[in-house]
Amino acid sequence: MANGLICDAIATPDQVVDADGATMLPGLIDTHVHVETLDNLKTYGHWGVTTVLDMATPDPESLLKLRHHDGVTDLYSAGYPAVAPKATQITKMGYPESIGVAGIADAGRFIDAQARCSVDYVKIIIEDPKQPGTQALSPEVISALVERAHAKGLKVIAHTTTPVSVHRAVVAGVDILTHVPIAGELDPEVPREVAAKGIVVSPTLTMMRGLTSALGRRPLLRAQAAARLMPKLEYAGARRSTAAYLAAGVTVVAGTDANQDSTAPFSPSAGESLHDELGLLVEAGLTPVQALRAATVTAAEVFALPDRGAIETGRRADLLLVDGDSTRDISTTTRIQGIWIKGQRIR
């Protein structure tokens, strides 16, 4: 592997670790999580996930204080997400009304407030207005948010789960699409346009698989789908979309949408679910090496984290030692022998 090492031993001045037949990998990076507490970060670290990218929180004041602590997984955060007024995040998930962006002029107010809070990037919830019960930002407001965020030097991550929402995000020029459609098919031109614009995709297949399974058990949604009031939700669509992005040459990074939200229809587990995600990415068409890079060096490059993601002199000593060769068998990432964060062994 270009950024891992099949090794015989890992040595420090006061420690030698027998690593015969093992693989030393850079610490894993989950590009889509929702963190609540310091204990969450400790759980991520236990599974070798040494950096996480939080994709919105109802309590930025508390969460932003958890960034960059020694001895636990390193945290970056979007703070509040940008949503339409009266969106689900406001009405059901405990977010304040102030995150609702009422129009083009209001976009500047939202982004400026985020920048004053020193967020690491911006998250926009881009919904399909045809989806039942959905409040959606207009294309003009989305473009205004992206333009203002870029002017502030902030990357923009877009929540997109349908072909319509993907199209709106791509037209607006976001930097990263998180999730892939589970309802409807992407137009064949869309992956090519995503690749041409250099937009990155974090499919969160673990979440999409769990979400379709959970929603499929709800009688009302099944009835609506049967009556063709809404598209059929299926995980196979997410896998096809991921394969289409890959075929077009789109850069893919690993993310799970792990969360502890009691209102969510599905909650991937902190840390452990990233290992599931790696397996699902391989099933979707990535090689084991590509999947590992999606959770290490590629993720670091996409989120402008040059001090991690690879095992090189001068980078953070975030390391994951596993039994076996993960470059050939992705399932071996769960056979953990040791974990280090900034050179400190935590497992």
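This report describes the nonpolar cores, the strands and the salt bridges of a predicted model.

**Nonpolar cores**

In soluble globular proteins, nonpolar side chains tend to be buried together. The largest nonpolar core of this model has 81 residues. Ile 124, Leu 145, Leu 177, Val 194 and Tyr 245 have the most contacts inside this core. Helix α5, which spans residues 139-151, gives the most to the core, with six residues. Tyr 245 shows how such a residue is surrounded: leaving aside neighbours within four places in sequence, Tyr 245 is in contact with Val 166, Leu 177, Val 180, Leu 186, Pro 191, Val 194, Val 201 and Val 250. A second, separate core has 15 residues, including Met 55, Tyr 76, Ile 176 and Ala 300.

**The parallel sheet**

Four strands form an open sheet with parallel pairing, in the order β6-β7-β8-β9. Strands β6 (122-125) and β9 (200-202) stand at the edges and have a single partner strand each, so one side of each is left without a neighbour in the sheet. From one strand to the next, the twist averages 25°. Strand β8 (residues 176-178) is joined to β9 by three bridges in the parallel sense, and Thr 178 has Ser 202 in β9 as its bridge partner. Helix α5 lies across β6 and β7 (156-159) and runs at about 175° to β6.

His 159 lies in strand β7. Is this residue, His 159, buried or exposed? His 159 counts as buried because its relative accessibility is 16%, and buried means under 20%. The side chain of His 159 makes a polar contact with the side chain of His 179, at 3.4 Å. Leaving aside neighbours within four places in sequence, the residues in contact with His 159 include Lys 123, Ile 124, Glu 127 and Thr 178.

**Antiparallel pairing around β10**

Strand β10 (residues 319-323) is mostly covered, with four of its five residues buried. Strand β2 (residues 15-26) runs antiparallel to β10 and is joined to it by five bridges. Strand β11 (residues 336-341) also pairs with β10 in the antiparallel sense, over four bridges. Leu 321 in β10 stands opposite Met 24, and Leu 321 also stands opposite Gly 338 in β11.

**Salt bridges**

The structure holds 17 salt bridges. Three of them are listed here with the distance between nitrogen and oxygen atoms.

| Salt bridge | N to O distance |
|---|---|
| Asp 120 and Arg 67 | 3.1 Å |
| Asp 74 and Arg 316 | 3.8 Å |
| Arg 240 and Glu 185 | 2.5 Å |

Asp 120 lies in the loop between α4 (104-116) and β6, and Arg 67 in the loop between α2 (60-63) and β5 (74-77), so this pair ties together parts that are 53 residues apart in sequence. Asp 120 is partly exposed, with a relative accessible area of 26%, whereas Arg 67 is buried at 18%.

The pair of Asp 74 and Arg 316 links strand β5 to the loop between α13 (297-302) and β10, parts that are 242 residues apart. Asp 74 is buried, with a relative accessible area of 3%, and Arg 316 counts as buried at 17%. Both residues belong to a network of salt bridges that links Asp 74, Asp 307, Arg 308, Arg 316 and Asp 318.

Arg 240 lies in helix α10 (residues 235-248) and Glu 185 in the loop between β8 and α7 (189-196), so this pair ties together parts 55 residues apart in sequence. Arg 240 counts as partly exposed at 38% relative accessibility, and Glu 185 is partly exposed at 47%.

Note on methods
Residues are numbered from 1 along each chain as its sequence is written. This is a predicted model: local features need pLDDT of at least 70, side-chain atom pairs count only at pLDDT 80 or more; totals for chains, interfaces and linings use all residues. Side-chain values use heavy atoms; hydrogens and water are left out. A nonpolar core is a set of buried Ala, Val, Leu, Ile, Met, Phe, Trp, Tyr and Cys residues joined through side-chain atoms within 4.5 Å. Buried means under 20% relative accessible area, exposed over 50%, partly exposed in between (1.4 Å probe, protein chains only). Helices (H or I, at least four residues) and strands (E, at least two) are DSSP runs, numbered from the N terminus. Contact means heavy atoms within 4.5 Å. Two strands pair if DSSP finds at least two bridges between them. Axes are lines fitted to C-alpha atoms, for helices over the stretch in contact, and angles run from 0 to 180 degrees between N-to-C directions. A polar contact is a pair of N or O atoms within 3.5 Å; within protein, one must be able to donate a hydrogen and the other to accept it, and residues adjacent in sequence count only if both atoms are side-chain atoms. A salt bridge is a side-chain nitrogen of Lys or Arg within 4 Å of a carboxyl oxygen of Asp or Glu.
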